[in-house]
Amino acid sequence: MELIIQNLSKTYGNGVKALNDISLTLNRGMFGLLGPNGAGKSSLMRTIATLQEPDSGSITFNDGFNPPIDVLKQKDEVRKVLGYLPQEFGVYPKIDAETLLNHLAVLKGITDSAKRKKTVEVLLEKTNLTNVKNKNLGGYSGGMKQRFGIAQALLGNPQILIVDEPTAGLDPEERNRFLNLLSDLSNDKIIILSTHIVEDVQELCPNVALVNKGQVVFAGKTSEAVDEMRGKVWKDHVKKTNLETYREAMNVISERMVAGETYVHVFDNERIAPHAIEVEPSLEDFYFHRLKVINQN
Ligand code: ADP
C-alpha cells in the first residue's frame with residue numbers, strides 16, 4: 001500500500017505559494033504531517049482528498065492488488081478508498097449521531113439497509129459512541145464530536161484516512177482516547193495526521209514529514225529525527241533578567257516557564273556549561289531546531 005506524491009505545487013489566486021514542489025511517499029500506518037500554521041498542510045490534505053486541484057505534480061495510490069489510482073484524475077475512485085476528517089468539521093446540532101451517520105452512509109452509497117444498519121452500529125461501537133448514539137450532536141463534547149468525525153470518515157472502510165488537526169481543543173483525556181482510536185485503526189490503513197502538536201506525532205507516528213512554507217524540509221522516520229539530536233540538546237535554567245543576553249549568546253531552540261522560572265533547551269554539539277543538563281531529545285527539539293535553521297537561511 002503506497003501513496004506517492006510527486007512534485008506537487010499550488011499557488012492560490014492571491015499569489016500565496018501554498019505547495020512548493022512537494023514529494024512524499026506514504027505507506028501503511030500513521031504518518032505525521034507537521035508544520036507551523038500556514039505551512040501548507042491543509043492545502044496538501046485537501047489536494048489528496050480530491051477537494052482542490054494542484055497547479056502541477058501527481059499523486060498515485062497503489063493498494064498492491066488493483067491497478068494504481070491516479071488521485072488527481074480518478075476522483076470517484078479515490079473517494080471510495082479515502083476518508084477525511086477536515087479541520088472544521090461541522091455537525092448538524094439537532095440530529096442524533098445514529099441518524100446522521102445513517103444518512104451519511106446512504107450518501108456514501110451503502111444502499112442495502114441491513115448492511116447500513118450493521119455498518120453504523122459497528123462504527124458507533126468502534127468510536128465508543130454507542131451509549132450516546134441517540135443524543136443530539138449539539139450536546140456532544142469536543143472529543144465526542146471528533147470521534148463522530150472519525151466514524152463518518154470510516155464509512156466505506158477507507159484505505160486512506162486523513163485527519164486534519166484533530167486534537168486541537170481537546171482535554172488530555174479526550175485527546176488520549178482519540179489518539180488511541182487512530183492508533184487502533186492504523187494496522188490496515190495509511191493514516192495521515194496533520195497537526196502542529198508535535199507530541200501527538202512523536203507518540204503515534206513512525207514516519208513524519210516536516211513542512212514549512214509549502215516545502216518538505218524533512219521526511220523520514222520519527223526515531224531518526226530524534227536520534228539526530230541526541231547528545232546535542234542541553235537544558236539550562238536562565239534568570240529572567242539574563243534571558244535576552246542568553247538568547248544572543250546561545251542557540252536556544254525552546255523556552256519553557258515552570259513555576260515562574262525559565263528553562264531553555266539549547267542546541268550545541270558540546271556541553272554549553274558545567275551545570276547544563278544533557279536531555280533525552282524529543283521530536284519537538286528536532287522540530288524547533290530545524291525550523292530555526294531554515295528561517296535563519
Ligand atoms: P496549514 O494547514 O499548514 O496551516 P494552509 O494549507 O491552510 O496551511 O495554508 C497555506 C497558505 O496558503 C497560507 O498562507 C494560507 O493563508 C494560504 N491559503 C490557504 N487556503 C487558501 C485559499 N483558499 N486562498 C488563498 N490562500 C489560501
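Visitor: Does α5 pass α6 in a left-handed or a right-handed crossing?

Guide: The crossing of α5 past α6 is right-handed; the near helix is turned clockwise from the far one by less than a right angle, anticlockwise being left-handed. This is a predicted model, in which local features need pLDDT of at least 70, side-chain atom pairs count only at pLDDT 80 or more, and totals for chains, interfaces and linings use all residues. Residues are numbered from 1 along each chain as its sequence is written, and side-chain values use heavy atoms, with hydrogens and water left out.

Helix α5 covers residues 142–153 and helix α6 residues 172–185 (helices are DSSP runs of H or I with at least four residues, numbered from the N terminus). Their axes lie 9 Å apart, at an angle of about 15° (axes are lines fitted to C-alpha atoms over the stretch in contact, and angles run from 0 to 180 degrees between N-to-C directions). That angle makes α5 roughly parallel to α6 (under 35 degrees; over 145 is roughly antiparallel, 65 to 115 roughly perpendicular and the rest oblique).

Helix α5 also packs with α3: their axes come within 10 Å and cross at roughly 25°. Therefore α3 too is roughly parallel to α5. In passing α5, α3 makes a right-handed crossing.

Helix α3, residues 97–107, has a further partner in helix α4, residues 113–126. Here the axes are 10 Å apart and the angle is about 125°, so α3 is oblique to α4. The crossing of α3 and α4 is right-handed.

Among the polar contacts (pairs of N or O atoms within 3.5 Å), a backbone N or O atom of S42 lies 2.8 Å from an oxygen atom of the ligand. For G38, a polar backbone atom is 2.7 Å from a ligand oxygen atom.

Methods
Polar contact = N/O pair within 3.5 Å; in protein donor to acceptor, adjacent residues only side chain to side chain. Helix = DSSP H or I, 4+ residues; strand = E, 2+ residues; numbered from the N terminus.
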